[in-house]
Amino acid sequence: MTEETPGFEEKPDVPSGATPDDAAEAAESPSTEEGPAAPAGDALKNAGLTAELDQVRTALGERTGDLQRLQAEYQNYRRRVERDRITVKEIAVAGLLTELLPVLDDVGRARDHGELVGGFKSVAESLETVVAKMGLHQFGKEGEPFDPTIHEALMHSYAPDVTETTCVAILQPGYRIGERTIRPARVAVAEPQPGAAPAAKDEKKADEESGGPEKG
């Protein structure tokens, strides 16, 4: 029976004829049995990263859509607030100027009667300047065609010298703010006399023909 020598270490098989250096390299070289599994692990890792990237892109698209909708809602809100603010301002200004219309009527009557003199004249002109800056404009003139959307007829008559319903007297001027009429002009109107319109048209046509070039 052979006794084991204490401290004896097994050494890797070394081919015959190998040098001691070759034996040392064989003992230190690690095993390479797990090498072929590396490419499969990389593929799984790449697939996981791709799936995670798709999820991030989907979430980013959803958040971008939410942000765009929120921005559109905010812009609509700002437009509504600005529109409401302008409307409220116009209503307040119109209410104030409407209360001042009787004063402006008194100023107009005083001017027509030659009573707008001295300090009263300066105050009246200052008032008219202020209301004009606030957008108030007077309208209504004698001789203009009657328009029921801006005129209120208080008196009616017939006249031979008109070819359509015409404002022949302004009883009370009208006022507007921009395109909004806050009081129509109160007027006296005259209509053509029955049967006079064709004659007037014939006379106008004759005048045009007499002033035109002579025909050979």
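Thr166 is buried, with a relative accessible area of 11%; buried means under 20% relative accessible area, exposed over 50%, and partly exposed in between, with a 1.4 Å probe and protein chains only. The model is predicted: local features need pLDDT of at least 70, side-chain atom pairs count only at pLDDT 80 or more, and totals for chains, interfaces and linings use all residues. Residues are numbered from 1 along each chain as its sequence is written, and side-chain values use heavy atoms, with hydrogens and water left out.

Thr166 lies in strand E3, residues 166–172. Helices (H or I, at least four residues) and strands (E, at least two) are DSSP runs, numbered from the N terminus. The side chain of Thr166 reaches the backbone oxygen of Glu164 at 2.7 Å. Such a polar contact is a pair of N or O atoms within 3.5 Å; within protein, one must be able to donate a hydrogen and the other to accept it, and residues adjacent in sequence count only if both atoms are side-chain atoms. Apart from neighbours within four places in sequence, Thr166 is in contact with Gly143, Glu144, Pro145, Phe146, Ala188, Val189 and Ala190, where contact means heavy atoms within 4.5 Å.

Pro145, one of these partners, sits in the loop between strand E1 (136–139) and E2. At 44% relative accessibility, Pro145 counts as partly exposed. The C-alpha atoms of Pro145 and Thr166 are 4.5 Å apart in space, while the two residues are 21 residues apart in sequence. Not counting residues up to four places away in sequence, Pro145 touches His151, Glu164, Thr165, Thr166 and Cys167.

The secondary structure of the chain comprises four helices and six strands. Of the 216 residues of the chain, 16% count as buried. Among contacts in the chain with a separation of 6 or more, 64% are accounted for by residues 24 or more positions apart.

E3 belongs to an open sheet of three strands in the order E2-E6-E3, with mixed pairing. Strand E2 (151–159) and E3 are the edge strands, each pairing on one side only. Neighbouring strands of this sheet are turned by 25 degrees against each other on average, direction ignored. Axes are lines fitted to C-alpha atoms, for helices over the stretch in contact, and angles run from 0 to 180 degrees between N-to-C directions. Two strands pair if DSSP finds at least two bridges between them. E2 and strand E6 (residues 185–192) run parallel and are joined by eight bridges. In this pairing, Glu152 stands opposite Arg186, and Ala153 is opposite Val187. E3 and E6 pair in the antiparallel sense over five bridges, with Val189 of E6 as the bridge partner of Cys167. E6 is mostly covered, six of its eight residues being buried.

Another open sheet is formed by three strands in the order E1-E4-E5, with antiparallel pairing. Its edge strands are E1 and strand E5 (180–183), each of which pairs on one side only. The twist averages 35 degrees from one strand to the next. Four bridges join E1 to E4, and Gln138 has Tyr175 in E4 as its bridge partner.

The largest nonpolar core has 10 residues: Val93, Ala94, Leu97, Leu101, Leu104, Val131, Leu136, Tyr175, Ile177 and Ile182. Helix H2 (38–112) and strand E4 (174–177) each supply at least two residues of this core. H2 gives the largest share, five residues. A second, separate core of six residues includes Phe139, Ile150, Cys167 and Val187. A nonpolar core is a set of buried Ala, Val, Leu, Ile, Met, Phe, Trp, Tyr and Cys residues joined through side-chain atoms within 4.5 Å. In soluble globular proteins, nonpolar side chains tend to be buried together. Val131, a member of the largest core, touches Leu97, Leu100, Leu104 and Leu136, not counting residues up to four places away in sequence.

Helix H3 (residues 118–133) has 16 residues and reaches 23 Å from its first C-alpha to its last, close to the 22 Å expected at 1.5 Å a residue. The expected span is 1.5 Å times one less than the number of residues in the helix. Just after H3, Gly135 takes a positive phi of about 100 degrees.
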